[in-house]
Amino acid sequence: MDKETLIYRYFSNTLDQEGEALLNQMLETDAKFRDRFEFEKSLKKVIRHEKGASVKQKLKGFENEIPKNPIVSKPKNGFRNWSIAASIVLLIGLGWIGFNQFRGADDVELYDEHFRAYPNTVYAITRGDTDMSLEHKAFVAYESGDYESAIDYLEELKKGGQKGYIDFYVAQCHMNLGNTKTALTLFKKIMDSQKEFVAEAHWYAALAYLKEGDKKNATDYLEKLTAGFDYNRERATELLQKID
Amino acid sequence: MQQTSRTISLEDIRQGSEEVLRQVYGENRDKFLNFARRYQLSEEENIDVYQDAFVAFHDNVMSGKIEKLTSSVSTYLFSVGKYMIFDRMRKNKKKVGSQFDLEIVKDDDNLVETLDIDDNALTPEQQLLRTHFGTLGKKCQELLTLFYYRGYTIQEIMEAESYNSENVVKSAKSRCLKTLKERIAANSI
């Protein structure tokens, strides 16, 4: 293979293993060849840089088009009466929200303190993995925190045959997305099935209820967990004391 | 007018339409920012990282490094974004624990490993090259871009740009490179 072909194949992504070995050898022994190769490689980098800068400029333009939180302007005199009426409504509204917020503040704090996404313990993602199965995609998405895509892949996986863990990880995704009600439905289903992740489902159901501000159900599930399982017993006991 | 969004393919992205870019950018933005907020960067930095991750993804699609999607677009963006967030945190000298080690991120997200992410700045020589590349004629810039950026073969360039033969493409490419080198040399003297 001549020098011209070697360089051509490298940049058109058609260089095979043998060619790659030859290229490396030439780069070590032929200074003129190396200079030419480095020049073309720099050119490639420069063009990528230019293209990247141009795409980023476009993205900044898209970003500017996205409506941001509106800035509230000062009301003018003509709006005085409306302002007073709106203020009264606002005060009542804030009072109600405040009441609920304060009531639930401790619960949310406790939830934040105790909730951690359950790690992927069922599918090993390894370096250089060539597995492109739904299961692989699902857990790459899950571990990356892309819970919406993980749900899509897990639901798809479920259609191909039941795997005991799917509902549990879908529920985890929903917990992370803040959909506690959907997660609760799934945790109850897991508890009914009496198969995998039953103890874990109790713990997370308790946390979901805590987030919902339902201390009674949260306590019920924590008591069931400490009475019937070893999983997270210490943390559950500690949380029970804090709830009380 | 009713807004409709359709499923975007890699080929759609490669066609270079601004509307396609806008749609993909918008569809993944909020998801990405929600994900990024768990780390210690400001909202402004998160947006900047999202854009950089998007540029890297786009670059790999255009160069043919990503030939087909093996995961959703958002998974690619999250993997690249996570890598970039940790890199920034390290550069910002924020407190970075062992869980934020870049090597670990690479191990976990093998998608990043399959991509070509070049975040090094241009050297002074490359800056000079950049300046002179910009002075080349449009035809030369297009030809060199197709070859070095898109990874097209000579035959593909001939077909895409309606050249008469492969030899014409080869000669044109050599001329463009020669001109570029001459202009850099003249500037360096």
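The crossing of H5(A) and H4(B) is left-handed, meaning that the near helix is turned anticlockwise from the far one by less than a right angle. You are looking at a predicted model, in which local features need pLDDT of at least 70, side-chain atom pairs count only at pLDDT 80 or more, and totals for chains, interfaces and linings use all residues. Residues are numbered from 1 along each chain as its sequence is written, while chains are lettered from A and ligands numbered from 1 in the order in which they are written.

**The helix pair**
- The axes of H5(A) and H4(B), residues 73-91 of chain B, come within 10 Å and cross at roughly 45°.

**The wider interface**
- Across the two chains, 36 residues of chain A are in contact with 43 residues of chain B (C-beta atoms, placed from the backbone, within 7 Å).
- On the chain A side, two or more residues each come from H3 (31-65), H5 (134-144) and H6 (147-159).
- H3(A) gives the most to that side, with 18 residues.

**Confidence**
- The model scores ipTM 0.86 and pTM 0.57.
- Over residues 95-108 of chain B, pLDDT stays under 50.
- Where pLDDT is low, the predicted coordinates should not be read in detail.

Definitions and conventions:
Helix = DSSP H or I, 4+ residues; strand = E, 2+ residues; numbered from the N terminus. Axes fitted to C-alpha atoms, helices over the stretch in contact; angles between N-to-C directions. pLDDT = per-residue confidence, 0-100.
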